[in-house]
Amino acid sequence: MIDFRSDTVTKPTPAMLQAMMSAEVGDDVFGEDPTVNKLETMAAQLFGMEAAVFCPSGTMSNQVAIRCHTQIGDEVICASNAHVYIYEGGGIAANSASQVKAIDGNFGRISAQQVANAVNPDDLHKARTSLVCLENTANRGGGSCYDFDEIKKIRSVCDENNLRLHLDGARLFNALIAKNETPSQYGEIFDSISICLNKGLGCPVGSILMGTKAYIKKARRARKVFGGGMRQAGFMAAAGIYALEHNINRLAEDHENARQIADALSKKSFVKDIMPVETNIVIMQAQPGFPAAKIAEKLYQKGIHVIAISAEQVRFVAHLDISPLMVAQAIKAIAEI
Ligand SMILES: *Cc1c(COP(=O)(O)O)cnc(C)c1O
């Protein structure tokens, strides 16, 4: 089976495993795991941010981030298909007692004008708008990337309205590679950034939340409350260090693989549309009469594992464990169905 379901399915390479097994560890809840400390410092420096905290999952990083930016009854602005809103188990309500103002974006991207329009007036009938969450790349937008100028404009709207700005950067490195941008550009603009190590970077586990020193101190407490204080987490952090050192630039290969899959799909009559492929995700829309589940099943019979993410949409994700040969096999399977 060739697994195109998600970039979360990767398994550590022998070199990554070696780095994990030889990690120096300690009790990170006491702040004594040298490898976790090294990873956190490394990430903060990379982004030019003051501090970082290592979390077990991207969901926890995002939820801790939102918890530390909001108060009970606040409102969070994000895209209507944002991960923080639709894929984190109702976490904004459950963990932060806050509500969402969801905006229909352009392939998962919201504009500065839309954010400005969504801010509530200072009126006791209204929830207090306190936070904007962006997602780059946008998962349900087909791995789309923000235009950095638009992010700057959103920052201005936040400043004018006293709002914090969080980035769900689960796949931020894909965006950086695709758009030739730098981590520090992002570190300068956002109040907090979460990145995933367990997606394209190929780690088994892990995410990092970054922000100011005071904010990350607060985040460490929230992580503990959420049950995310880990002890000898250095074994996992070592994978993260390895990934930041070795697995960023190769994301370009995943992007090329995704483009080739999209190319093969574009020749098929059952495909109505394909979202613009900017990074490692391909989301196709099927013609009426061709259920996504059926397409996924046909591919499965040919050894290609994909996900029907809705009744009409099929998703392919390229990642570290997908080789050019596997892409060729997928292209052949697509041609045959
Ligand atoms: C995967 C993902 C996350 C976090 O996922 P975890 O599985 O909890 O690590 C957050 N945001 C986006 C956009 C994602 O794709």
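Is H83 buried or exposed? H83 is buried, because its relative accessible area is 17% (buried means under 20%, exposed over 50%, partly exposed in between, with a 1.4 Å probe and protein chains only).

This is a predicted model, in which local features need pLDDT of at least 70, side-chain atom pairs count only at pLDDT 80 or more, and totals for chains, interfaces and linings use all residues. Residues are numbered from 1 along each chain as its sequence is written, and side-chain values use heavy atoms, with hydrogens and water left out.

**H83 and its surroundings**

H83 sits in helix α4 (residues 83-86). Helices (H or I, at least four residues) and strands (E, at least two) are DSSP runs, numbered from the N terminus. The H83 side chain makes a polar contact with the side chain of E88, at 2.6 Å. A polar contact is a pair of N or O atoms within 3.5 Å; within protein, one must be able to donate a hydrogen and the other to accept it, and residues adjacent in sequence count only if both atoms are side-chain atoms. Leaving out residues up to four places away in sequence, H83 touches T59, E88, E135, N139 and D168 (contact: heavy atoms within 4.5 Å).

**Helix α3**

Helix α3 covers residues 58-69. Its 12 residues should span 16 Å at 1.5 Å a residue, and the end C-alpha atoms are 17 Å apart, which agrees. The expected span is 1.5 Å times one less than the number of residues. Because 10 of the 12 residues are buried, α3 is largely enclosed by the rest of the structure. Among the buried residues are G58, M60, N62 and H69.

**Two domains**

The protein divides into domain 1 (14-246) and domain 2 (251-336); these bounds come from an automatic or database domain assignment. The contact takes 19 residues from domain 1 and 14 residues from domain 2. Buried area is the accessible area (1.4 Å probe) that two parts lose on being put together, summed over both.

| Domain 1 and domain 2 | Value |
|---|---|
| Separation of centres, over C-alpha atoms | 28 Å |
| Area buried between them | about 1,400 Å² |
| Part of that area on carbon and sulfur atoms | 58% |

R140, G142 and N174 supply 35% of the area that domain 1 buries against domain 2, more than any other three residues. The count between the domains is one salt bridge (a side-chain nitrogen of Lys or Arg within 4 Å of a carboxyl oxygen of Asp or Glu). Six residue pairs are in polar contact across the interface, both at pLDDT 80 or more.
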